[in-house]
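Hello,

Here is the structure I promised to hand over. Please have a look at it first, and then read on for my notes.

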Amino acid sequence: MSQTEERLSALRARMGKEGVDLVALGPGAHMQWLLGFAPHADERPCLLCVSASTAAMLMPELNAEGSRRGTDLPFHEWSDADGPEGAFHSLVADLGVGGAGRIVLDETMRADFAALVQDALPGAERQFTASTVGMLRMQKDDDEYAVLKRNARLADQAMQAGWAAMEPGMTELDVAEVIRARFSALGASPLFTIVGAGGNGAMPHHATGETVLRSGDAVVMDIGAGMDGLSSDITRMAVLGAPPQGYLEVHAIVEAAVQAAMAAARPGVRAQDVDAAARGVISEAGYGPHFLHRTGHGLGIEVHEPPYLTSVSETVLAPGMVFSIEPGIYLPGRFGIRLEEIVILREYGPEILSELPRDPKMI
């Protein structure tokens, strides 16, 4: 059985458990996960539709020939002259879901794609993918783990290349380019390179720019790349020369928060409890208002995907889930500190994918 067949079978099992008659996905990460490819995404409705017994695609004829290389599923093609409605009604009839009671819509697809499905099935109850495709994507298999582990090691090397090159007088963009070049040399496609020097590090999603690195700067370095369909993500700290006043104390607090989250992350634990463990350490140290974001996010095809480790997430963690643990403290005008690990949850707890220590890199 191919990977696509295995995943479609797993999806149908979830559909049966949830009482879902039809899953409709647009081009994007969900379709990529199921089929191993996603067609060109534009304004023309393109849908993968899965029922309890079969699957087919609504396909613009303009994109059909290129998409045929990615799948042997039946296509219901439509032209610009005719529009997609007739082809979609034909697809629904072939799948035998004209009287669907419950449908799942890809929450990331275009609104007009979703409207096409809902207009054709006006009596159906609608939900999103959390309990079907989303649930399946959260738990990685051995092949996905191997790629994620390899990608984490590549990110380690790219981070080290940035450290080796950086010095006072360089700009944030200079450092970012070294990191991106290293990713590319390793065969990975850079996805993001945040380099935040000094006060810029106090903005968690700082836009890397022309700021010149100076002696005494603490530098947030958050980087990631894609390879073989999966992503990497890591954040470490570098310090140029003597660290700023109070830096080492705050770094130790963030490190303690990482360790608390790691200790809390176990199968059967709610995601919000892991967030609470990290947040509690930072709040008790008096920096609660300066922890500005959630503790973590899932990682896979997308850099940010479920599960999300937030203060309100009811997601119950399970073995095979891959997610970040990345508490931070951000002090405006001074510096920011974020330490990020990507982990895969095992029965005994989290396995860290990176091999880089979280100590500040002193340069």
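Which residues in α4 and α5 meet each other? On the α4 side they are Glu85, Phe88 and His89, and on the α5 side Leu116, Val117 and Ala120, where contact means heavy atoms within 4.5 Å. By class, this contact has 4 nonpolar, 1 polar and 1 charged residues; Ala, Val, Leu, Ile, Met, Phe, Trp, Tyr, Cys and Pro count as nonpolar, Asp, Glu, Lys and Arg as charged, and the others, Gly among them, as polar.

Before going further, a word on the source. This is a predicted model, in which local features need pLDDT of at least 70 and side-chain atom pairs count only at pLDDT 80 or more, while totals for chains, interfaces and linings use all residues. Residues are numbered from 1 along each chain as its sequence is written, and side-chain values use heavy atoms, with hydrogens and water left out.

Back to the two helices. Helix α4 covers residues 85-95 and helix α5 residues 111-120; they pack at an angle of about 55 degrees, with their axes 10 Å apart. That makes α4 oblique to α5, since angles under 35 degrees count as roughly parallel, over 145 as roughly antiparallel, 65 to 115 as roughly perpendicular and the rest as oblique. Axes here are lines fitted to C-alpha atoms, for helices over the stretch in contact, and angles run from 0 to 180 degrees between N-to-C directions. Helices (H or I, at least four residues) and strands (E, at least two) are DSSP runs, numbered from the N terminus. α4 passes α5 in a right-handed crossing, meaning that the near helix is turned clockwise from the far one by less than a right angle.

Next, the sheet. It is an open one of 6 strands, in the order β4-β3-β2-β1-β5-β6, with mixed pairing; two strands pair if DSSP finds at least two bridges between them. At the edges are β4 (75-78) and β6 (125-127), each of which pairs on one side only. From one strand to the next, the twist averages 20 degrees.

Strand β1 (residues 22-25) has both faces covered: Leu22 and Ala24 are buried on one side, Val23 and Leu25 on the other. Buried means under 20% relative accessible area, exposed over 50%, partly exposed in between, with a 1.4 Å probe and protein chains only. In a regular strand the side chains alternate between the two faces of the sheet.

What are the partners of β1? With β5 (residues 102-105) it pairs in the parallel sense over 3 bridges. Ala24 stands opposite Leu105 there, and Leu22 has Ile103 as its bridge partner. With β2 (residues 47-50), β1 pairs in the antiparallel sense over 3 bridges, and Val23 is partnered by Val50.

Further out, β2 pairs with β3 (residues 55-60) in the antiparallel sense over 4 bridges, and Cys49 stands opposite Ala56. In the other direction, β5 and β6 run parallel and are joined by 3 bridges; the partner of Ile103 in β6 is Arg126.

Two helices lie across this sheet. Helix α1 (residues 3-18) lies across β1, β2, β3 and β5, running at about 65 degrees to β2. α4 lies across β1, β2, β3 and β4, and runs at about 170 degrees to β3.

Two single residues may also interest you. Thr193, in strand β7 (residues 189-197), is buried, with a relative accessible area of 12%. Leaving aside neighbours within four places in sequence, Thr193 is in contact with Ala176, Ile179, Arg180, Thr208, Asp222 and Ile223. Ser313 lies in the loop between β12 (305-309) and β13 (322-325) and is buried at 10% relative accessible area. Not counting residues up to four places away in sequence, Ser313 touches Arg270, Ala271, Gln272 and Tyr308.

Strand β14 (residues 328-331) runs antiparallel to β15, joined by 4 bridges, and Gly328 has Arg338 as its bridge partner. The hairpin has 3 residues between the strands, and Gly333 takes a positive phi near 80 degrees. β15 (residues 335-338) is covered on both faces, with Phe335 and Ile337 buried on one side and Gly336 and Arg338 on the other.

Best wishes
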